[in-house]
Amino acid sequence: MDKVLIYGYGNPDRQDDGVAWYILSELAVRLGREPFSLNSDPFSFAEQSPHLGVALQLTPEISELLADYDRVCFVDAHTGAVPDDLSIRSIRPEFQTSPFTHHLTPEACLHLTQAITTHTPQAILVSVRGYEFGFDTSLSQATRMLANRAVEFIWEWTQRSAQI
Amino acid sequence: MVAKKITIEPVTRIEGHAKVTIRMNDSGKVDRAYLHINEFRGFEKFCEGRMVFEMPLITPRICGICPVSHHLAAAKAADEVMGCPPPKPASMLRELMHMGQIIQSHGMHFFELAGPDLLLGFDANPAIRNVVGLIQVNPELAVKAVNLRKYGQEIIRLLGGRRVHPNFAVPGGVNKALSVEARDTILRGADEAIATLQVGIQIIKEWAEKNRWDIDHFGVFSTGYFGLVTAKNSLELYDGQVRLIDKNGSQLEKFDGRNYLDYIAEHVEPWSYLKFPYYKKMGYPGGVYRVGPLGRCNTADQIDTPIANQELSIFKQLNGGKPVENTLFYHYARLIESIFAVEHAKILCEDPDILSTDILNTRQEFKGEGVGVIEAPRGTLFHHYWANKNNQLERVNLIVATGHNNWSMCEAVDSVAKTYITGPEITEGLLNRVEAAVRAHDPCLSCSTHAIGQMPMIVEMVDPEGNLIQKVCRG
């Protein structure tokens, strides 16, 4: 049985930027676990995978965690700069520089994992188009619909074998 | 004569991203370089109407990098609004958490963001000029660096229950006492953390020795300096008074942070969304100042812990006893502060009061207004709240560290561009130097939102008619 992590990141106080929190919460409920909130434990490590986690942004520490898994699904929002509103793609280790800030991409985290541990999980990035990024905790209707499709996809993905 | 223009625009955030424009003249030299920060400050409005006691949990959401600083500044402001000063053990515990934040943030910046430039070179291939390249070149150091950040994060977790957004400080104190086991864990890690930081100091010193020309020409300029100090003008990160010194090191002001509006004003430039704070009495730009590690190490006369103080005394000699003006020495100052943070964490843990359960003052005497000031890793952070008698916020003002350093970042970008860009061809190494001028300040250009959709960094040079003549792209 593959060990699977689903890891969502974004800011739930900035409307659609936090869509990953909604998706992870929906998955948690399907698995009979508590939904995520800013006041809850950011990880749901049940005995059986998939394990679930949420964060405001990716940080270097996550690289160590990734090494414990066979497959990882990152979940994020996007601003329309990628072609599909619901974008699903395999990702590989690749360090991507963020010139001014502490920002890390999932590809960079995987690269760190590979460098530190020599193991790299298979990984995909599911990103959902966001439309509204104001200071609010609600999702726009369009993003919520896409998020529900993302939940279905990720749910099926967790049931599959290691093929991505 | 019509100027040429180069634009560097990394769109790494929906908001809070920065753009560099380098205007060239017809002889191929830099006429003027600008850093535009498209900072959107909507968070204050978002907070209005919230209950003041919610603020320590709400404001950390501004930033995923320094949430502890916002958490603690909010708690300090809320203490005042609600009129419930925390007992001494609670203040010590908050301060301990803050030391964890300084260690992890500074550690990450030096070893993972700045370190690759120093250890691998500004002109190294960008494919390897990063922390992964660092791991390949010096795996032992990389592991130490990871452990250092982990140590800081662990302090935060042991106190707040979580590494990123702790739920710990509340108006009047904190909600959890420190266990003996947790204290001992913190104490056990201190020596290794100091040893790693001393390796870092050795790296920056050796690098400075070998790259003297860069040190002396990379963003070197005079400003005032601004930071919290103790009553005896020692380095202070959690409390104390604000001290402002001039370019020669003479004290201009020493004031209670609550009165910041009497001393600071903000200038607006049409090419940046972020305002430019300055010292009122000297006007703009004469009254601009720097904050953060360089600002603090210049502002403080000494440090009250032995190893950090020894380094500070060496630092103070870099410019013959006058304030150190070199932008690249932000890195050195950052490491000195990190050593202080570890030493101070150790001192706090060795004080028996740190295990006290007297951690919350439940008596309240409503004041309605409060200011919380703290030295975030990037500089002085102000939270100012006005609330009605129901403890509901009616007005919020936040001044974040990156704002104080706005002028300095702009000046550093201009200086570095003029120093290094001397011809029409813009190499990746030159571009990296311009970025490094910003990076030395470790700005937080708003980490509150970060959906994917990043564009690569692009540098474009256009001719006087606006036609593209060169484009450098990476990312």
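The model is predicted.

## Chain A: overall build

Chain A holds four helices and six strands. In sequence order, the elements read β-α-β-β-α-β-β-α-β-α. The C-alpha trace spans about 40 × 40 × 30 Å along its principal axes.

The radius of gyration of chain A is 15 Å. A compact globule of 164 residues would come out near 15 Å, so the chain agrees with that expectation. Buried residues make up 52% of the 164 in chain A.

The six strands form an open sheet with mixed pairing. The strand order is E2-E3-E1-E4-E6-E5. Strand E2 (43–44) and strand E5 of chain A stand at the edges. Each has a single partner strand, so one side of each is left without a neighbour in the sheet.

E4(A) and E6(A) run parallel and are joined by eight bridges. One pair to locate in the structure is A:Phe74 with its bridge partner in E6(A), A:Leu125.

Helix H4 of chain A covers residues 141–159, 19 residues in total. From first C-alpha to last, H4(A) reaches 28 Å. That is close to the 27 Å expected at 1.5 Å a residue. The buried residues of H4(A) are A:Thr143, A:Leu146, A:Ala147, A:Ala150, A:Val151 and A:Ile154. Viewed down the helix axis, they fall within an arc of 160°, so they line one face of H4(A). On the other side, A:Gln141, A:Glu152, A:Glu156 and A:Gln159 are exposed.

What does the buried set pack against? The partners are helix H1 (19–30) and four strands of chain A: E1 (4–9), E4 (71–78), E5 (86–91) and E6 (122–129). H4(A) lies across E1, E4, E5 and E6 of chain A. The helix runs at about 165° to E6(A).

## Chain B: a four-stranded sheet

Chain B has an open sheet of four strands, ordered E8-E7-E6-E11. The pairing is mixed. Strands E8 (251–255) and E11 (289–290) of chain B take the edges. Each has a single partner strand, so one side of each is left without a neighbour in the sheet.

Strand E7 (residues 241–245) of chain B and E8(B) run antiparallel, joined by four bridges. Within that pairing, B:Ile245 has B:Gln251 of E8(B) as its bridge partner. Helix H10 (residues 292–299) of chain B lies across strand E6 (224–229), E7 and E11 of chain B. H10 of chain B runs at about 80° to E6(B).

## Chain B: residue Ala376

B:Ala376 belongs to strand E12 (residues 369–376) of chain B. Is B:Ala376 buried or exposed? B:Ala376 is buried, because 26 other C-beta atoms lie within 10 Å, and the threshold for burial is 20 or more.

Leaving aside residues up to four places away in sequence, B:Ala376 touches B:Cys66, B:Ser69, B:Leu381 and B:Ala401. B:Pro87 gives a further reference point: it sits 289 residues from B:Ala376 along the chain. The C-alpha atoms of B:Ala376 and B:Pro87 are separated by 22 Å.

Key: Residues are numbered from 1 along each chain as its sequence is written. Chains are lettered from A and ligands numbered from 1 in the order in which they are written. This is a predicted model: local features need pLDDT of at least 70, side-chain atom pairs count only at pLDDT 80 or more; totals for chains, interfaces and linings use all residues. Helices (H or I, at least four residues) and strands (E, at least two) are DSSP runs, numbered from the N terminus. A residue is buried if 20 or more other C-beta atoms lie within 10 Å of its own, exposed if 12 or fewer, and partly exposed in between; C-beta atoms are placed from the backbone. Two residues are in contact if their C-beta atoms, placed from the backbone, lie within 7 Å. Two strands pair if DSSP finds at least two bridges between them. Axes are lines fitted to C-alpha atoms, for helices over the stretch in contact, and angles run from 0 to 180 degrees between N-to-C directions. The radius of gyration is taken over C-alpha atoms; the globule rule is 2.2 Å times the number of residues to the power 0.38. The expected span of a helix is 1.5 Å times one less than its number of residues. The arc is that of the directions from the helix axis to the C-beta atoms.
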